[in-house]
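Q: I would like to learn how to read strand pairing, chain contacts, domains and helix packing from a model. Please take them one at a time.

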Amino acid sequence: MSEKPTIDAYLKNIEEGHFRAYKCVDCGMIIAPPSGSCYGCGSSNMTWAEVSGKGKLVSFTVIHVAPDQFAEEAPYYVAIVELAEGTRVSARLLGFDPMKPEEVKLGISLQLDYEKGKSGATYLAFRPA
Amino acid sequence: MVTFINNAPFIIVFIAVFMARATVEEVDSTLPLTNTNIVSAAQTKFGALQGVTLREMFSEAVDKATIHAGIPKKDIQAAFIGSFIPEMLVHQGHTAPLLLDFAGLKGLPATRHEDACASGATALRAAIMAIESGFYDTVLVAGVEKMTSVSTNKATEALAAAADDQFESSIGLTFPGVFGIAAVAHMQKYGTTEEDMALVSVKAHKNAATNPLAQFQKEITLEKAMTPRYVAWPLKLFDCSPISDGAAALVLTSNEKAKQYTDLPVKIIGTGQASASMNLCDRSDLTSFSASVDASRQAYKMAGLEPKDMDFAVVHDCFTIAEIIASEDIGFFKPGEGAKAVRDGITALDGDKPINPMGGLKAVGHPVGATGVKQAVVVYRELIGDAGPNQVANNDTAIMHNFGGTGATCVVNIMRRADI
């Protein structure tokens, strides 16, 4: 946990189903996705942080027209999720019918998950808690 | 304080940290603009211009803005060019000298400016600084993009390069998706509806119907705009601007030289530019674009004017929700009241605060690098009374708003006819 975090390692962690955020060593702010400098204090001194995996839904969309590499997965949800630790991430939203987006309520509690895409990549994802 | 900075490097570090934590408002430029005049402005037709290449479109716009407007090309001292991603769209880099050579301006200093969909307005802003500083008297600003020579998928892939490839594009978030997320947030917070957004599209098509340079010269009904062909829910086909080809050009010059070319120059009296996080998830408010708010504040402050002083606006309606949010971010309406303004016809051509009177990106087209320059062309034509059936009734002062990509760049300019 003490090594300096990198974007490559951040993405690899997601690929391996072990999401970790950045944490500012100087002020303690939790940051994800990675930033080279802290939004709170400007420091570039970062370490890793485990997160609770709890979050809430801030907003979302349903992608119907997707780029080639995701075309087979459409329609799918992409959401903005605020983690309990305060930072926000973009992630796939699981557990809802993409043809019934009007049933999804903002503010609901979510739990960290992962989705193995048809493209072969693993996406950061959340589902209802 | 400047003396201290020169003498003590450690203070620079302190200041740098302080500046990072200071609000952007504290570092706004308040330099008044006094010397920048637009003396001619032109665009090509926008659309799928089959058989017309990047350099030919560019050259056509430049000729219209120079020799056809009575401005000899030999008077141009430098060129500022907006173009987003010709590398992917037409497999051509280092476009500025290539374009200038083809347009008969070989030899001049030529630089391309790239800030995604705001490329055109960032080129314009660089030109404003060049004129205001006295470095040049007369310069060309031009924007161009050729998007239809590749497949729609390839063009979409090129556009996606303006989003964060590692953290958002990589999970399948698209550009319409970015604005879909903003739309959902706006709908939830303010009660904006899909029909409100569709009304923006209906207005755009209505205005473009009488604009011969528009990609879609055809009115649409509300029912058609509501056709449930979802691109990124809640955004449907008619909420999205099209893939387009086109070019636009302006000639900017100093007060002294302006008189040689026209009796009715348009002055740029305020300019602002701001950036924001590329990632949508790093923004605290999804119902407003902070770069638009910041750039607007800068431009109004520089011009010494307020939103109420603006007769009309040209804003970046890449998606219908983007126009509604922009109308709030530039201060025309309070947050959450942009949709009501559309419903009440306030932003219509004959409304109190017309927005995109010639049809906007939605119906005129969105050749990315050309758009910011084209917006200035529209403002210029409206201000000098040259907008034909699309002429707004009050046309002394206006604001233009051009933003890039996910809203990570925004440029706002305030323009006023020189006789005001």
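This is a predicted model: local features need pLDDT of at least 70, side-chain atom pairs count only at pLDDT 80 or more; totals for chains, interfaces and linings use all residues.

Q: How many bridges join E4(A) to E5(B), and in which direction do the strands run?

A: Strands pair if DSSP finds at least two bridges between them. Here E4(A) and strand E5 (residues 230–233) of chain B are joined by two bridges and run antiparallel. The element names are DSSP runs numbered from the N terminus, helices being H or I with at least four residues and strands E with at least two.

Q: How many residues does each chain bring to the contact?

A: Interface size is often given as the accessible area lost when the parts come together. The description here is by residues: chain A gives 29 and chain B gives 30, where contact requires C-beta atoms, placed from the backbone, to lie within 7 Å. On the side of chain A that touches chain B, E4(A) gives the most, six residues. That side of chain A comprises 20 nonpolar, five polar and four charged residues. Nonpolar covers Ala, Val, Leu, Ile, Met, Phe, Trp, Tyr, Cys and Pro, charged covers Asp, Glu, Lys and Arg, and polar the others, Gly among them.

Q: Which domains does chain A have, and what separates their centres?

A: Domain bounds come from an automatic or database domain assignment. For chain A it gives domain 1 (7–49) and domain 2 (54–128). Their centres, taken over C-alpha atoms, are 21 Å apart. Nine residues of domain 1 of chain A touch eight of domain 2 of chain A.

Q: At what angle do the axes of H3(B) and H5(B) cross?

A: Two packed helices are described by the angle and the distance between their axes. Helix H3 (residues 54–65) of chain B and helix H5 (residues 95–102) of chain B have axes that come within 9 Å and cross at roughly 60 degrees. H3(B) and H5(B) are therefore oblique to each other. Angles under 35 degrees count as roughly parallel, over 145 as roughly antiparallel, 65 to 115 as roughly perpendicular and the rest as oblique. Arg55(B), Phe58(B) and Ser59(B) of H3(B) make the contact with Leu98(B), Leu99(B) and Phe102(B) of H5(B).

Note on methods. Residues are numbered from 1 along each chain as its sequence is written. Chains are lettered from A and ligands numbered from 1 in the order in which they are written. Axes are lines fitted to C-alpha atoms, for helices over the stretch in contact, and angles run from 0 to 180 degrees between N-to-C directions. Two residues are in contact if their C-beta atoms, placed from the backbone, lie within 7 Å.
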